[in-house]
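Subject: Handover of a structure and notes on its features

Dear colleague,

Please find below the structure that I am handing over to you.

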Amino acid sequence: MKMKRYVAADMRSALRAIREEQGSDAVILSTRQISEGVEVCAAVDVELAAGQGTLAETAALKQLERSALEAAARAHAEPAHGSVESGGDYAPSLAAERSVGEELRSLRNLLEQQLAALAWNDFTRREPLKARALADLANLGLERTLALQIVGDLPAALSADQVQRAPYAMLARRIQVCPAPLQRAGALALIGLPGSGKSTTLAKLAARYVLEQDAANLVLISTDDERLGSHEQLRSLGRVLGARVETVTGMDELAARVQALSGRFVLIDTPGVSGRDSATAAHYRALRARCADLQFMLVLPSSAQSGVVDEAVVHFGDGVAHCCALTRLDEAVSLGGVLSALARSQLPLAYVCDGPTIPDDLRPARAHQLVARAIELSRQAHSCADDELLARRYGGSVHAAG
């Protein structure tokens with residue numbers, strides 16, 4: 001699409017210049033009054049102007065474009081009610097200017113929607129297999145940019161069966177996994193949103209450690225002085241497992257205890273924090289720099305909204321968390337948002353938790369299994385993106401790419 005700004009003494013002169021240079025296919029994008037007269041931003045689709053669109057597509061676009069041109073001409077060729085004439089020039093009222101601006105914005109939005117629909121329809125004709133792959137990824141709830149990247153990376157000359165499977169395999173490869181951080185010695189702090197399942201995940205890890213290692217070498221530390229009963233809950237877990245339990249206050253005391261317990265395996269329960277809490281993230285970052293043996297695991301609830309997960313990953317994934325765990329997998333209705341966050345951030349995934357049973361519902365992460373679960377949830381929910389949604393989601397991008 002070719003865009004150009006025009007400056008003229010009045011709207012009639014500007015429209016004449018646009019038609020002479022860009023032809024009848026020109027689209028008015030914006031207009032405004034300036035000291036020299038008027039400023040008009042116009043554009044023309046080079047492909048459609050060259051006749052590469054279908055007759056129906058060209059006719060539909062021209063109808064919209066004529067409406068925009070007529071609206072712009074009316075705004076500046078007709079005097080507003082109660083305006084004052086001076087030397088043949090009009091002084092439109094503020095209300096009239098706003099009305100015209102709103103009309104132009106509405107027409108531009110309509111035009112953009114129409115262009116996106118036409119671009120998507122054209123893409124489905126040219127690349128039917130890739131269009132099907134984008135639809136499948138949209139059904140998963142995958143973020144738009146990530147879906148476009150995956151489909152853009154598809155090898156050429158794939159069969160229909162291969163294109164149906166390849167995007168899921170490529171998505172799985174973008175999700176980093178890491179070995180379970182249960183070691184003989186070291187420290188692991190669980191951080192995350194309130195209600196994300198940190199305490200339950202810690203209980204599962206502690207029980208798994210006792211089964212695989214030695215309860216005498218395990219120390220549980222509670223720093224959560226905000227949630228009512230959190231300390232007593234951890235003490236009860238310690239009594240059941242036969243593990244030592246401590247309570248600390250503040251980052252300095254926690255750093256001192258982690259350093260003093262070198263040679264033991266320490267699990268640390270922390271207060272829930274907002275995904276936007278950059279101050280706490282900075283404290284954790286400083287604590288990580290002080291304690292070489294301390295690792296942070298970000299606990300992400302699969303059932304949370306994608307925006308909530310994104311914020312937590314942005315603030316606590318970079319320079320704070322060494323890995324993450326997905327909880328509440330059994331409560332999720334879609335995994336597209338969390339898969340998008342993991343693929344975009346490259347934060348390694350260590351565990352998935354798909355139930356409340358301790359410790360059975362804690363499993364090492366497998367990327368292909370997680371993607372398979374996302375596909376299953378999509379099919380259970382009967383997710384099916386229609387052409388209108390796909391056009392809004394991908395139309396502008398496939399048009400630009402073409």
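The model is predicted, so local features need pLDDT of at least 70 and side-chain atom pairs count only at pLDDT 80 or more, while totals for chains, interfaces and linings use all residues. Residues are numbered from 1 along each chain as its sequence is written, and side-chain values use heavy atoms, with hydrogens and water left out.

Backbone features in the loops

Helices (H or I, at least four residues) and strands (E, at least two) are DSSP runs, numbered from the N terminus. Q346 belongs to the loop between α13 (336-345) and β10; its phi is near 60 degrees, which is positive although the residue is not glycine. H382, in the loop between α14 (367-380) and α15 (387-401), also is not a glycine and has a positive phi of about 55 degrees. With 69% relative accessibility, H382 counts as exposed. In the loop between β10 (349-353) and β11 lies P359, and the peptide bond from I358 to P359 is cis, with omega near -5 degrees.

The sheet

Strands of a sheet pair through backbone hydrogen bonds, either parallel or antiparallel. Two strands are taken to pair if DSSP finds at least two bridges between them. In this model, eight strands form an open sheet in the order β6-β5-β7-β4-β8-β9-β10-β11, and the pairing is mixed. At the edges stand β6 (244-247) and β11 (362-364); each has a single partner strand, so one side of each is left without a neighbour in the sheet. From one strand to the next, the twist averages 25 degrees. Strands β4 (residues 186-192) and β7 (residues 265-269) run parallel and are joined by five bridges. Within this pair, G186 stands opposite F265 in β7.

Helix packing

Axes are lines fitted to C-alpha atoms, for helices over the stretch in contact, and angles run from 0 to 180 degrees between N-to-C directions. Contact means heavy atoms within 4.5 Å. Angles under 35 degrees count as roughly parallel, over 145 as roughly antiparallel, 65 to 115 as roughly perpendicular and the rest as oblique.

The axes of α8 (residues 198-212) and α9 (residues 230-241) come within 11 Å and cross at roughly 15 degrees, and these helices are therefore roughly parallel to each other. Residues making the contact include L202 and A206 of α8 and L234 and L237 of α9.

For α10 (residues 251-260) and α11 (residues 278-290), the axes come within 10 Å and cross at roughly 25 degrees, which makes α10 roughly parallel to α11. Among the residues in this contact are M251 and L254 of α10 and Y284 and L287 of α11.

S303 and the cysteines

S303 lies in the loop between β8 (294-301) and α12 (306-317) and is partly exposed, at 36% relative accessibility. Apart from neighbours within four places in sequence, S303 is in contact with R328, E331 and A332.

A disulfide is a pair of cysteine sulfur atoms within 2.5 Å, and by this rule the count is zero. The sulfur of C324 is 6.8 Å from the closest cysteine sulfur, in C323, which is too far for a bond. C324 is buried, at 0% relative accessibility.

Yours sincerely

How values were computed
Buried < 20%, exposed > 50% of the residue type's maximum accessible area, 1.4 Å probe, protein only.
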